[in-house]
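Subject: Structure handover

Hi,

Here is the structure we talked about. Please open it alongside this email; my notes follow below.

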Amino acid sequence: MDKPLVDLRGRRGLVFGIANADSIAAGCARAFAAAGAELGVSYLNDKARPFVAAVAEPLGAAMLGPCDVRVPGQLEAVFADARARWGRIDFLLHALAFAPREDLHGRVADSSAAGFALAMDVSCHSFIRMAHLAEPMMQAGGALLTVTFYGSERVVAHYNLMGPVKAALESAVRYLAAELGPAGIRVHALSPGPIRTRAASGIDRFDELLARAAADAPEHHLVDPDDVGALAAFLASDAARRITGTIVPVDGGQHLMA
Ligand code: NAD
């Protein structure tokens with residue numbers, strides 16, 4: 001074989017969701033770049049920019065401007081910038097989520113309509129919008145990746161509102177995979193075990209989730225962003241060319257355990 005199985009040389013991808021070097025998106029960006037991909041990266045706002053640049057610049061990634069998915073036009077501007085630079089993209093990673101603290105910390109039964117809608121918009125519908133914008137730029141096919149959590153399927157203490165939101169995201173993955181499959185666009189969700197990140201710190205008693213993961217997972221190892229990156233690079237590559245519509249656990253086997 002004259003090239004490695006996970007080879008992204010000549011491929012171009014957009015990475016959404018880097019907050020800092022500990023972000024899942026940062027681990028994925030490192031893996032994409034190590035496999036040879038050229039990357040475009042967005043940042044939430046000016047405050048986040050230097051932390052994102054510290055991850056992106058050593059990887060040679062282009063900073064494609066601010067992208068708060070709640071701000072009309074910003075997501076579109078990132079895609080327009082990518083189109084102007086490259087004409088096409090081959091993959092993207094959506095690794096972002098948000099829920100208002102009061103809703104996230106309460107029971108699903110008590111969640112507000114506004115809080116639920118905002119969490120769905122930022123954490124789920126933004127992926128659908130990215131798929132919509134990516135489709136015309138993926139004439140030669142491509143891969144759309146998002147990040148979910150097992151709390152979508154089973155009731156995980158303190159995951160609360162994000163459970164139904166991630167369930168919707170996973171369902172969107174399946175529908176998008178069916179709709180975009182004829183164009184050669186593959187769609188997946190990566191489902192990591194708990195990782196200590198900025199977003200995770202918003203979940204009540206997150207330390208308990210980490211301790212349980214380490215205890216329950218057959219490998220007794222916590223997952224890190226680079227583990228998720230290895231999976232992301234594989235799914236973005238031709239090595240995964242006949243795989244689509246999956247929710248792939250990268251959790252040391254924790255999902256197996258009752
Ligand atoms: P993180 O805090 O590093 O990243 C979350 C990102 O979401 C940040 O970059 C933030 O800027 C972005 N974001 C929030 N609101 C946004 C908005 N309105 N517009 C654009 N971006 C916005 O945390 P992370 O854990 O790396 O989270 C990435 C993804 O992984 C999320 O979808 C999260 O639900 C998922 N996930 C995390 C874990 C975990 O344990 N950390 C486990 C499974 C899944």
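First, a convention: Ala, Val, Leu, Ile, Met, Phe, Trp, Tyr, Cys and Pro count as nonpolar, Asp, Glu, Lys and Arg as charged, and the others, Gly among them, as polar. On that basis, the shell around the ligand splits into 19 nonpolar, five polar and four charged residues. Please keep in mind that this is a predicted model.

The ligand site

There are 28 residues around the ligand. Those that come nearest are Ser23, Ile24, Ile195, Thr197 and Ala199. The ligand takes up the space of the largest pocket.

In the side chain of threonine 197, an N or O atom is 2.6 Å from an oxygen atom of the ligand. The backbone also takes part. Alanine 19 places a backbone N or O atom 3.3 Å from a ligand oxygen. For isoleucine 18, a polar backbone atom is 3.5 Å from an oxygen atom of the ligand. As for cover, the ligand on its own has 820 Å² of accessible area, and the protein covers 91% of that.

Glutamate 76 belongs to helix α3, residues 74-86. Its relative accessible area is 41%, so it is partly exposed; the class runs between 20% and 50%. Glutamate 76 and arginine 129 are 53 residues apart in sequence, yet their C-alpha atoms are 9.1 Å apart.

Alanine 230 sits in helix α8, residues 225-236. With a relative accessible area of 48%, alanine 230 is also partly exposed. Arginine 241 is 11 residues from alanine 230 along the chain. The C-alpha atoms of this pair are separated by 16 Å.

Two loop residues with positive phi

Most residues other than glycine have a negative phi. Which residues have a positive value here? Asparagine 160 is one of them, with phi near 50°. Asparagine 160 is in the loop between β5 (142-147) and α6 (162-180). Its relative accessible area is 22%, which means that asparagine 160 counts as partly exposed, since buried requires a value under 20%.

Histidine 220 likewise has a positive phi, near 50°. Histidine 220 lies in the loop between α7 (206-216) and α8.

Best wishes

Technical notes. Residues are numbered from 1 along each chain as its sequence is written. This is a predicted model: local features need pLDDT of at least 70, side-chain atom pairs count only at pLDDT 80 or more; totals for chains, interfaces and linings use all residues. Side-chain values use heavy atoms; hydrogens and water are left out. A residue is near a molecule or strand if one of its heavy atoms lies within 4 Å of it. A polar contact is a pair of N or O atoms within 3.5 Å; within protein, one must be able to donate a hydrogen and the other to accept it, and residues adjacent in sequence count only if both atoms are side-chain atoms. Accessible areas come from the Shrake-Rupley method with a 1.4 Å probe; for residues, only the protein chains shown count as cover. On a 1 Å grid over the protein atoms alone, a cavity is a set of points where a 1.4 Å probe fits but cannot get out, and a pocket is an open set with protein on both sides within 12 Å along at least five of seven lines; lining residues have an atom within 4 Å of a point. A molecule sits in a cavity or pocket if more than half of its atoms lie within 2 Å of its grid points. Helices (H or I, at least four residues) and strands (E, at least two) are DSSP runs, numbered from the N terminus. Buried means under 20% relative accessible area, exposed over 50%, partly exposed in between (1.4 Å probe, protein chains only).
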